[in-house]
Each structure stands twice: as C-alpha cells, then as structure tokens.
Amino acid sequence: MSEPKPPSPPSGDTYKGWLFKWTNYIKGYQRRWFVLSNGLLSYYRTQAEMGHTCRGTINLATANIAVEDSCNFVISNGGAQTYHLKASSEVERQRWITALELAKAKAIHMQAESDDSGDEGPMVPPSSGQGGGCRNSEIQSTLRTLNSKVEDLSTCNDLIVKHGSALQRSLSELEGIRVGGDMGEKIRQVTERATLFRITSNAMINACRDFLSLAQTHSKRWQKALQTEREQRIRLEETLEQLAKQHNHLERAFRGATVLPPSFSNPTLGNKGGVSGKGDASDEDDDNEFFDAMEDPAEFITVPADPKYHRRSGSNVSGISSETGMDDQSFDELSLTSNPESPQPLDIEPVRQRRTRIPDKPNYYLNLWSIMKNCIGKELSKIPMPVNFNEPLSMLQRLSEDLEYYELLDKAAKCQSSLEQMCYVAAFTVSSYSTTVNRTGKPFNPLLGETFELDRLRECGYRSLCEQVSHHPPAAAHHATSEKGWSLRQEITLASKFRGKYFSIMPLGSIQCMFDKSKNHYSWKKVTTTVHNIIVGKLWIDQSGEIDVVNHRTGDRCHLKFVPYSYFSRDVPRKVTGVVTDKDGKAHYVLSGTWDEKMEFSRVMQSSKGENGTEGKQRTVYQTLKAKEIWRNNPLPEGAENMYYFSSLALTLNEPEEGVAPTDSRRRPDQRLMEEGRWDEANTEKQRLEEKQRTVRREREREALKAASSPEEDEAQETGTEASEVSDETDKEDSPPHTPVACAHQDNYQALWFEQIDDPISGEKMHVYKGGYWEAKEQGSWDMCPDIF
C-alpha cells in the first residue's frame, strides 16, 4: 500500500507514499497519494494528478501533529484544515511521523530566516519534480484567499451602495417633514441607517486593509521566488553551454584519436594558409569554432644552443646569414644596448598635456542577445546597432591605435640588418592586437567622408590620417609618416560572420610599411578576431590565424601563427610564434610570446630536422641563443575597467582639439554624447546622422544616373526603371555589398585626401594618401570638406 521509505529521510528530500484520509461519514477513509516536500504536505487522488491537480496542502510550519493510535494520526493548522490520516501499519505510521517532524522543524527554521529578512513566509526555493507542484499549490491557495477577500470587498461595496441610498432617502424625507409627532420616528430611522452605513464602511475598510496586507506580503515572497528562478535559469544555461563545449571537444578528440595518428590533433589548423589573409574559410561552418580548437602540435622546437656557439663567429655557423659577421656576444649587447634601435629617452617634452580620464561608463543594462538574435548570418556592418553596443571611439580611431607601439618602428628604422629589422616589424604587427584583449565594445561605423587625424609630431615624431573612403562595403584608408624614417599605410575592409554563440571579424586588405634609409618595403594582413559568449557568459575575444610579413626588397619573410584558444591546451593563452627566414628559407630568428603581453626573439644558431610530426612531416629543431624581450605591453591606466578598458593612448583619441577638419571623428555628436554618458540622446543623434547619410547617398546616386544617361532618353525609358526607384532600392541596409548599384556608388564617391591606385605590391586596388591635408590644416582652409555631421 505504501512505498518503502527510510525511517529518516535526508533533509530537503521529497517523501511520498500512500495514506488513508478521512473524507466523510459516508465514504469513510479513502486512499490518497501524499507528498511531503519543502515543508508542505500535499495530497492527490492518484499519482497521475501530481502534474496538474492538487487536492490540498498544509504548511507544516504552523501545523500540529498528533498521534491517535497505532496507525492513525492527525495534522491540523488551527482549525481551517485538519487531516485525519491512517497508515497501513504502525511502522509506516512512524516513518511518516518522523518525516513530518523533521520537515516541520526545517520549515520553522526557514520561516524564521525569512522573517529576519522582512519576509513573512518561508521562502520555498525552486526545485525540479514535485517541488514545483507544491509551490504551485501554495500559490493557488494564496490566490484563493485573495479571491475570497475580493468577494468580501464586492459584497461590502453592494451593502454600502444599498445603505447609502436608504440613508439618502431618509435625509430627504427629514428635510420635507413638518415639526410634529412623527419627527422622533424619522430621526430614529436616519440614526439606524447611518449606523448600518458606518458598520458596513468599517467592514469595507478592514477588508481592504487585510487585502492590502496579504498582497504586500506575498508580493515580496513572489518577487524573491522569481529572482531565485532567474538566477537558477542563468546558472543552468551556463552549465549547459560548458557541457556542450566539452562534449564537442571530446567528440572531436575521439574522432581524431581513432582516425589519425596520436601526434595529430587537427589537420585543418596545422595547414599553412588555413586562415587566409583575406579572412575566408576560417569559420565557414558552425563546427569550426575557435574555442573548440584542438591543441595543434608545434611546427618547430627550440632548444638552447651549445655554449661553443657563443665563442664562434656567426659566419662560420651553418644556417646563419653571412651578412652578420660579428661575435654573438657582441651582437646581443649591440642589439639591446648600443645599437640605434635600443630605446632612447625622449629629448622633447610633450607640448600638450593630454587627458588621462574620461567619464565613467554608465551602468546601463544591455540584453545583447535581444539585439543579436536577429542578426544571425547577416553582415554586421549593415545592421543598425544602439550605442549601448559601442564604445565612444570610431573605427578610424581604432585603426590609429595600431600606432600605440610606434617605438618598435623607430627602432626598426635604425637597424643595420634587414633580418633584425624584420623582428621589430613582426613585433609591431603583434602589438597592434594588445589593446583588444578587454575591448568587447564595437567602435562606431564611420560616416562616408569622415576623417581622423592623430598629430603626435612634436611629442612622438609621427602623425597619421584616416578617412572613410567607402560605405558599402565599409572601407577606411590610413596613412602615417614619422620623422624617424618610416611610413605606414593600410586600407581595411571588414567582413563579419555571426553564428549565434560568437561572431568573427575578418579584416580584408593589406598593411604596408616602408623605411626611407634601407628602402625595405614590408606588407602583411590582419588575422581574424572572434568575440565569444554572445548568448550566455562573459564576452571574451580571441585572435587566430596566420600572418606572413614579407620584405619585398630582400625576400625575407616572417611567418607568425596566432594559436586559437583551447580549453584543454597546456600552452599559455593567446600564444604567438614565428620564424624569420631569408629568401632561401634559412631560419635566422625565432619569435615567441603572447599577443596581449610581450614578445621575445632568439637568434638561431643551428637548425635540424627532428621527430616526425603531423602526417609524417618532420618538425624542425632550432638551437637558439638566450631569448631577448623585444616588446612588452603598456599597463592600463588606473580605473580602466570603468573607462571601456581604454589604453592611455585611446583615452586621448576623442579629446577635443582645435584646428582639426570639420569631418574629424572628434566632432561627431553621437559619439561625444555617448562619451559624456548621455546614451539616450546619443541614440537619437546616431539615427539622425544615419538618415542624413542615406539622403546624401540617394542624391549622389541620382546625379550619377543622370550624368550617365545617354542623350536618347527613350532607351532609358524602355528599361521601365526610373532613377527614384533605383535610389530607393539602394537605400536598403541589407543590399549586398557587391551589387552593381553598390559598386556604382563606391566608384561615384571620390575620397578627399586619398586616391585609388593599382598597388604593385599586393596586386589589388588600394587607396593611398595624395597629400594636402596638413597644408589645409596650417591654412585653416576646410572649404572642400563635406557637411556630414
């Protein structure tokens, strides 16, 4: 008749079984299914009713438990509810009595804790299974009580209306009577009705007071219960996310272990060019996710060189460039101390004190998933985003942040050896990613024709200019020159893919660096940036892919590999490795480190083929001298976590400055409002600027179509398409970036400070600086600048 239960169930466990409950004198005791959970005793006719119908519930915190005989016992909560129960045996009755007493003690303790925190009832934490049914029963019981109070209020209202009408009639009659014998009777009637009205009104007030008290009490409890449910749901989502990742990883590990050699974990990541410079094929399908990347075996191994190499000339060692004839010891000392590329103190004090703080980021709630769920599979550059998703800098300013560690190029410009110069250029390439490690905010998309100048000529010896040269697809051109003998140029177009749990940003286009003295010309491309945990968890950023830095004059090359993060890898996170080789493929330097902290380089003394690696390929073993630090990141300013994790340079980029062009990002109103913490106004201003840009774009396309039309307009009319229709079509934000209309739009717009050429190095079209900006700034002549803000 009952399920076997332990005599003393553990605290918090659900205890359930069959008992006989007294119903009435006709039916007597009836078999019912009882469930004891979280201080509540509920009963059902059958087990099948547990999911939908509860016949009754008693809160044990206020109940009395009494034993009548060997099998019978009574549970009562003071008269409102009384259960006369009978177990199938004395042993079964004792088990129930023990479980009920333990549950009552726990319920009283929970109620005391709830009272201490301002809650009048025991807080019932959400639980799975039957616990949820008991909570529903308690809520239903409370709702029934509240409904009863509402009915009392309705009854009192009807009585007040009735007695009030009678009182009003009596008063009217009192006014019309004559002074006489019936005066006393009328006054007595008015008095009685007034008394009835007062009694009914008092009852109404008391019922309202009881209703308000109940509503306030249970409102607090339900709010607390709702908050607990939310917290448990978030924890469950995070746990499911982690389990899914681990399951995916283990499945791949099993697949790799059963099909491939033990030393091979993931061939797609081991292949050179697996992540191309153009950023395609790196995450083409959903299974190829960076956080699930398998640990890739190293392409090479470095070991300390034999001490004898420290005493031998570099020209006598196999694998060392003949252009380095100096002693190794003197080479290391000259490289880091007396050589011109060593850090030198600045002789010129900054002429302007730059700001070191910006207003703290407001604590606005952002439901990122509510914004991003409609963006899956779309190009993010074409989806309007609120400023809550941004940081108060534009993409042009983010490009200028690549010059955070310009000193590396200053040192490279003074190097005598092109191979050593390659090390500094490669370190500069890696350093540009160090500012992104905590920067999960999206920069503002620049408006077409928007510019940004970074003039640090007197402080640091360089200055740079960026301009947005295309809107669909978005493209920005950047040019920087230095008095130390180097120049940098790049044109970056961003492609992006959003897959729900993460999205990837793939910069397209090349970066080129030229040195005046050596005439060395370097070029490279950026790797893929991935933002993880879009749905749940904390956002984090990873850089992954491969970069080939090429010296087009000498043929030297540095192959850098950004290792994707893996949960189970024993390597340090954000690891970067690289090898510098000459035009014949001989290795001269090995670089290692992380893209967010530091890079080191070691001179290769000898190389040899080592053990077999992936697919039978032999891994190279490099014997190197002691590693020397070539770059280390600058610490973030104090309080950076409240200032969007900006570096010291980033804090100064949006600082107001006199004399800049009217199109400069510093003058952008929505960006300025966001920096000041006025986000609602910034969103309004952002929408205004975007609509203004669309209007200008439509007008420009109308003029282009009008200018391109032939004198015989009959042929144009035969197409059945008017200029206004084309204009409206091209205004859509989701139009493909490579449609003929978009291309016509891109060709129609002429950049102000840059011109497009066929780059002989990359073989692609590229915007290069054509001059005139700094001269216009000196003269204060900005008449040619468009009105974009």
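In this predicted model, E764 and K525 form a salt bridge in which the closest N and O atoms are 3.7 Å apart. The pair joins distant parts of the chain, 239 residues apart: E764 lies in the loop between β26 and β27, and K525 belongs to strand β17 (residues 521-525). E764 is partly exposed, at 29% relative accessibility, and K525 is also partly exposed, at 22%. Elsewhere, salt bridges with shared partners connect R352, R354, E459, E655, E657, D664 and R666 in one network.

The loop between β26 (754-758) and β27 (765-769) also holds D759, whose partner R489 lies in strand β14 (residues 486-498), 270 residues away. E92 is buried at 4% relative accessibility, whereas R95 is partly exposed at 23%. In the whole structure, 39 salt bridges are found.

The largest nonpolar core has 65 residues, of which W486, L488, F515, W524, V549, L560 and F562 touch the most other members. Helix α9 (residues 418-431) supplies the largest share of this core, nine residues. A second, separate core contains 20 residues, including Y15, Y43, I65 and A87. Leaving aside residues up to four places away in sequence, the contacts of L488 include L403, F428, I511 and W524.

Conventions
Residues numbered from 1 in each chain as written. Predicted model: local features only at pLDDT ≥ 70, side-chain atom pairs only at ≥ 80, totals over all residues. Heavy atoms only, no water. Core = buried A, V, L, I, M, F, W, Y, C linked by side-chain atoms within 4.5 Å. Buried < 20%, exposed > 50% of the residue type's maximum accessible area, 1.4 Å probe, protein only. Helix = DSSP H or I, 4+ residues; strand = E, 2+ residues; numbered from the N terminus. Contact = heavy atoms within 4.5 Å. Salt bridge = Lys/Arg side-chain N within 4 Å of Asp/Glu carboxyl O.
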